[in-house]
Amino acid sequence: MQDPRIKLYREMWYYVYKDGGETKRISLRTKDRGEADRSYADLVKTLALKGDTVGDIVKAYLKDKANMASHDLAALIYRKHLEPRFGNLREDQVTRSNTRDYTAFRRKAGASDWTIRRELGVLRAALGWNNKNTPAVIELPPEGKIRDRYLRKDEYQALLAAAEAPHIKLFIMLALSTAGRMSALLELTWDRVDFEHGLIKLSIGDHGNKGRATVPMNSALRPVLEEAYRARTCDYVVELGSDRILNVKKGVVAAAKRAKLKDVSPNVLRHTAAVWMAIDGVDLIKIARFLGHTNPKITYKHYAKYSPSYLADAAQSLVV
């Protein structure tokens, strides 16, 4: 049962829900709203006890969202991390307590809070898709602050030189040149690399995906992509063994270790791209578009301070 709600129909209150795209009703047998609310709550509770498991719901969600940009990553997250702990539960059995336990378990395994938030976000999205009023209570770890770590240009060159595997080297160049997130770059296929117009479309389908822009191909990246295109063995730009790759974090971290660089991850490359643009005086609106930010305030909050003109006039007014 999806999207359950209470609705007045012909002067009687009903429990209304969707089943396979078809809207269905269960009468609450009253015209009084207060009594209807109580009956609705009792019915929701009763149906939850008989309802699908979290596993059933997530699998239906993934099937329905087969064309979404992050489908493959979400499916992997569910199979590898969420299913063993939540798959056999009912949605009302997903609680603040066991999601806290999940966070503690994943932290002990070395996962960052950002990674845990993304994993539990898959669970929250699936349960919310199934039931906007889901009884599940999912507590996410704190969002935390964006790390102010970015690479100097000499550090970037050192990282690139230390990347031994061709697919890691290509990813590093793509990440810096497009400011794309790791998931977007690993899902990038050659049909979205437009050599004729010099554009790279990070979104999938006709509609843009959150945080995914269409960006120009710069002069450093073009010859690298042209070479990779000639050598391609599958549809994905970043490939290994004629197949796509789901994660390059270990490869990037290993290259950073060889280059004797600390605190480097795939996301640091995206942050570095934004910082370099700001330092060069690129307009923040353009940086926002490059990053795929729908709200430029986010860009301003994190990157305005790197602009050479940031508060310069205010500081100059203090000269005696």
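Visitor: Which helix does Ala 104 lie in?

Guide: Ala 104 lies in helix α4, residues 96-108, a helix here being a DSSP run of H or I of at least four residues, numbered from the N terminus. This is a predicted model, in which local features need pLDDT of at least 70 and side-chain atom pairs count only at pLDDT 80 or more, while totals for chains, interfaces and linings use all residues. Residues are numbered from 1 along each chain as its sequence is written, and side-chain values use heavy atoms, with hydrogens and water left out.

Visitor: How do you know whether the span of helix α7 agrees with its number of residues?

Guide: The expected span is 1.5 Å times one less than the number of residues. For the 13 residues of α7 (166-178) this gives 18 Å, and the end C-alpha atoms are 18 Å apart, so the two agree. After α7 comes Ala 179, whose phi is positive, near 60°.

Visitor: What makes α7 largely enclosed by the rest of the structure?

Guide: Eleven of its 13 residues are buried, and α7 is therefore largely enclosed; among them are His 167, Leu 170, Phe 171 and Met 173.

Visitor: What does α7 give to the lining of the second largest pocket?

Guide: A pocket is an open set of points, on a 1 Å grid over the protein atoms alone, where a 1.4 Å probe fits and protein lies on both sides within 12 Å along at least five of seven lines; lining residues have an atom within 4 Å of a point. In the second largest pocket 17 residues meet that criterion, and Pro 166, His 167, Leu 170, Ala 228 and Ala 231 lie nearest its centre. Helix α7 gives the most to this lining, with five residues, and α9 (221-230) also supplies at least two.

Visitor: Why are β4 and β6 called edge strands?

Guide: Strands, which are DSSP runs of E of at least two residues, pair if DSSP finds at least two bridges between them. The open sheet has the order β4-β5-β6, with antiparallel pairing. In this sheet β4 (193-194) and β6 (214-216) each pair on one side only, so they are its edge strands. Strand β5 (199-201) and β6 are joined by three bridges in the antiparallel sense, and Leu 199 has Pro 216 in β6 as its bridge partner.

Note on methods:
Buried < 20%, exposed > 50% of the residue type's maximum accessible area, 1.4 Å probe, protein only.
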